[in-house]
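Please go through the sequence and the structure shown here.

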Amino acid sequence: MKAIAVVPGTTTVRLVDRAEPQVTAPDDVKVKVLRVGICGTDREEAAGGRALLPEGQPDLVIGHEMLGQVVETGAAVTRVKAGDCAVFTVRRGCGRCLPCRMNRPDMCATGDYRERGIWGLDGYQAEFAVDKERYVVRVPPELEPVGVLAEPLSVAEKAIDEAVRVQAARLPDSGATPDWLHGRRCLVAGLGPIGLLAATALRRRGAEVYGLDVVDAGTARPRWLETIGGHYVDGRQVKPDKIDDTVGPVEIIIEATGVALLEFDLIDALGRNGVYVLTGIPGGSRPVDIPGADLIRRLVLENQAMVGSVNASRDHFQMAVDDLGYAMLHWRDLVVGLITHRHAHTDFAAALASHPADEIKSVIEWGGAAEGTR
Ligand code: BGC
């Protein structure tokens with residue numbers, strides 16, 4: 001079968017032939033890949049950045065944001081059946097630590113995990129994929145057009161889940177407000193796919209959402225945010241230290257920019273007792289200048305929590321699929337419109353290199369629409 005592979009540490013990206021994976025165990029699920037999203041991580045891999053070669057292989061098949069249609073299952077599989085749309089999660093555990101044994105490799109304690117398409121395991125930019133039932137989430141047929149967004153949304157779901165759990169553990173009044181996000185002022189920094197999807201999940205839970213970016217108000221992404229009931233903050237006009245003066249104290253920040261200096265500066269926007277979850281992974285190693293003493297003083301004197309969050313569990317993928325269902329019911333055209341660019345697999349070089357200004361999510365189409373879903 002055809003697949004798109006990189007040679008880690010180089011800028012070589014090529015179309016390769018791989019043996020078609022087969023169902024060999026009772027808990028195996030085989031899917032025909034329909035489409036696979038491209039994100040900053042894929043582009044970094046293609047540019048010679050962070051990626052790990054699978055043992056004994058000359059290259060790594062990329063792609064971790066997938067949607068497939070099940071074509072075959074092992075005898076013990078009950079979560080999905082042939083014909084279902086489905087997504088596979090990304091990380092595979094070390095098999096030794098307790099989180100991994102609990103199917104929470106996103107919290108692997110040893111660091112010896114692997115990630116499909118990124119770190120030591122072939123990914124999903126290929127015609128077929130096989131994996132274990134414990135890594136699969138069924139996607140209802142009506143979500144086929146947007147199921148490929150489940151992975152980036154799962155990252156946002158985990159970040160929001162972490163914010164809520166941290167606050168529930170430390171705020172004495174949290175038990176009195178089970179619907180805790182309702183009416184809370186949240187700032188989403190960076191209105192790429194993860195930011196816009198985080199805003200969607202927060203709006204669904206009744207939060208007051210402000211979205212920060214550096215594009216003109218009235219362009220696609222700010223308008224998108226406003227249509228779901230969020231408010232746009234132009235970071236070129238409102239500096240991080242003025243965000244609270246403009247919108248009021250922020251209780252939760254979900255960061256998805258990957259810009260190290262901004263990631264630090266945003267501490268200034270966080271209100272008293274607030275929680276700040278970072279998901280952006282800055283590239284490069286250029287040092288940044290920060291007012292360290294001021295920032296630490298604030299964190300301590302204002303009881304603030306800062307948490308890094310990466311990857312997502314299968315439960316977060318399930319939450320993502322559920323939220324995509326809600327979003328399709330309320331904002332169908334908007335959600336479908338998040339996929340702005342579609343490429344044939346042979347067009348991989350352009351898809352990975354170009355980053356058009358109007359891009360929200362680019363995908364590689366492997367199989368077109370799933371049979372029987374449209
Ligand atoms: C992926 C995550 C992954 C992280 C680090 C992100 O782009 O969405 O699944 O854990 O990169 O490799």
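Into which domains is the chain divided? In this predicted model, domain 1 takes in residues 2-146 + 339-365, and domain 2 takes in residues 153-308. Their C-alpha centres lie 28 Å apart.

**The domain interface**

Five residues of domain 1 are in contact with six residues of domain 2. The two domains bury about 550 Å² between them. Carbon and sulfur atoms account for 60% of that area. One salt bridge crosses the interface of domain 1 and domain 2. On the side of domain 1 that touches domain 2, two residues are nonpolar, none is polar and three are charged.

K158 deserves a separate look. Its side chain meets that of D106 in a salt bridge, at 2.9 Å from N to O. K158 lies in helix α3, residues 150-170. Is K158 buried or exposed? K158 counts as buried because its relative accessibility is 2%, under the 20% cut-off. Leaving out residues up to four places away in sequence, K158 touches D106, M107, S309, V310, N311, A312 and H316.

**Salt bridges**

The structure holds 35 salt bridges. Four of them are listed here.

| Pair | N to O distance |
|---|---|
| D106 and K158 | 2.9 Å |
| R14 and D59 | 2.9 Å |
| E115 and R91 | 2.9 Å |
| K242 and D241 | 3.5 Å |

Take the pair R14 and D59, whose side chains meet in a salt bridge. It links distant parts of the chain, 45 residues apart. R14 sits in strand β2 (residues 13-17), and D59 sits in the loop between α1 (40-46) and β4 (60-61). R14 is partly exposed, at 32% relative accessible area. D59 is buried, at 3% relative accessibility.

E115 and R91 also meet through their side chains. E115 lies in strand β8 (residues 114-116) and R91 in strand β7 (residues 91-92), so this pair ties together parts 24 residues apart in sequence. E115 is buried at 4% relative accessibility. R91 is buried as well, with a relative accessible area of 5%.

K242 and D241 form another salt bridge. K242 is partly exposed at 42% relative accessibility, and D241 is partly exposed at 37%. Elsewhere, salt bridges that share partners join R14, R18, D59 and D122 into one network.

**T200 in helix α4**

Which helix holds T200? T200 is placed in helix α4, residues 193-204. T200 counts as buried, at 7% relative accessibility. Setting aside neighbours within four places in sequence, T200 is in contact with W224, I228, A327 and W331.

Technical notes. Residues numbered from 1 in each chain as written. Predicted model: local features only at pLDDT ≥ 70, side-chain atom pairs only at ≥ 80, totals over all residues. Heavy atoms only, no water. Helix = DSSP H or I, 4+ residues; strand = E, 2+ residues; numbered from the N terminus. Buried < 20%, exposed > 50% of the residue type's maximum accessible area, 1.4 Å probe, protein only. Contact = heavy atoms within 4.5 Å. Domains from an automatic or database assignment. Buried area = accessible area lost by both parts, 1.4 Å probe. Salt bridge = Lys/Arg side-chain N within 4 Å of Asp/Glu carboxyl O. Nonpolar A, V, L, I, M, F, W, Y, C, P; charged D, E, K, R; others polar.
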